[in-house]
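Hi there,

Here is the structure I promised to pass on. Please have a look at it first, and then read my notes below.

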Amino acid sequence: VHRRIDDTVDRLIFRRQYREEVALRRFASESAFVTQPETLLDLTVDQLQLHVGAPWVAFYEYTPEGYARVRQRGAQDLPQTVVTDDLALVKLRAHESEVDLHGAPSGLGRDGYAFPLRTRDHLLGVLVVGPRPGEHYASEERDLMAHVAHAVGASLFALRAQDTEQRLYAAEEQLRVARAQAQTSEGVLNDARMRESRLLDALRALGAESRV
């Protein structure tokens, strides 16, 4: 009886892990087709929490002031910002594929794992996944979460670059319009000055005639 129960439990766990792997690998490949960065962040934390059974998931994104928490699912008291040289972040920048927060004193806390969203040697962001109650994440699961973070990082970098390019193009277009308007204004001003000069010449001529 115990053996049958153990076999059933093993099958259920394996089936859950298989479904988890299929769903997350599919999401990792589909992330390249998301068109809005904010939507991508929402989907990422939702999918990870759903398919790994994490009690909470958070995403921190790089800013000049440090790494800011821009997404969170689950009730966990996490800091709004973490300094750039936080030990866990330093480890992730040093090309670690994951950091066990229990073994690395960090402003992110001492529970769960942190995974890097890294591109071109820049730590774009960090996914923090809380520990599953009463059960450790297997190495295969952590590898899978690292794979999702890598794929999402590449997609997010592309979307941010596209957004920057569009804003640059809009700024250039505004500058072009402003220059055209300035040239038009300059032309109008020059025309007004010529008219004024002609009028003054005519008035001087009339004055000379009246004196004669």
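This is a predicted model: local features need pLDDT of at least 70, side-chain atom pairs count only at pLDDT 80 or more; totals for chains, interfaces and linings use all residues.

**What I found**

The protein chain has 212 residues, and 33% of them count as buried. It exposes about 13,600 Å², with carbon and sulfur atoms supplying 54% of that area. Among contacts in the protein chain with a separation of 6 or more, 51% are between residues 24 or more positions apart.

**The sheet**

The six strands form an open sheet in the order β3-β2-β1-β6-β5-β4, and the pairing is antiparallel. β3 (81-82) and β4 (99-100) stand at the edges with a single partner strand each, so one side of each has no neighbour in the sheet. Further in, strand β5 (residues 113-119) and strand β6 (residues 122-129) run antiparallel and are joined by seven bridges.

Helix α2 (residues 37-52) lies across β1, β2 (66-73) and β6, and it runs at about 60° to β2.

**A glutamate to look at**

E61 sits in strand β1 (residues 57-63). Is E61 buried or exposed? Its relative accessibility is 11%, so E61 counts as buried, the cut-off being under 20%. Leaving out residues up to four places away in sequence, E61 touches L41, G66, Y67, A68, V70, L124, G125, L156 and R160.

**The aromatic rings**

The structure holds three aromatic pairs. In one of them, the ring centres of Y113 and Y137 are 6.3 Å apart and the planes stand at 70°, so the pair is edge-to-face; that label applies to planes over 60 degrees apart. Y113 belongs to strand β5 and Y137 to the loop between β6 and α4 (139-211), so this pair ties together parts that are 24 residues apart in sequence. Both residues are buried: Y113 has a relative accessible area of 14%, and Y137 has one of 5%. Ring pairs also bring in F115, linking Y113, F115 and Y137 into a cluster.

If you open the model, you could begin with the ring cluster of Y113, F115 and Y137, and then turn to E61 in strand β1.

Best wishes

Technical notes:
Residues are numbered from 1 along each chain as its sequence is written. Side-chain values use heavy atoms; hydrogens and water are left out. Buried means under 20% relative accessible area, exposed over 50%, partly exposed in between (1.4 Å probe, protein chains only). Contact means heavy atoms within 4.5 Å. Accessible areas come from the Shrake-Rupley method with a 1.4 Å probe; for residues, only the protein chains shown count as cover. Helices (H or I, at least four residues) and strands (E, at least two) are DSSP runs, numbered from the N terminus. Two strands pair if DSSP finds at least two bridges between them. Axes are lines fitted to C-alpha atoms, for helices over the stretch in contact, and angles run from 0 to 180 degrees between N-to-C directions. Rings of Phe, Tyr and Trp (its six-membered ring) pair if their centres lie within 6.5 Å; planes under 30 degrees apart count as stacked, over 60 as edge-to-face and the rest as tilted.
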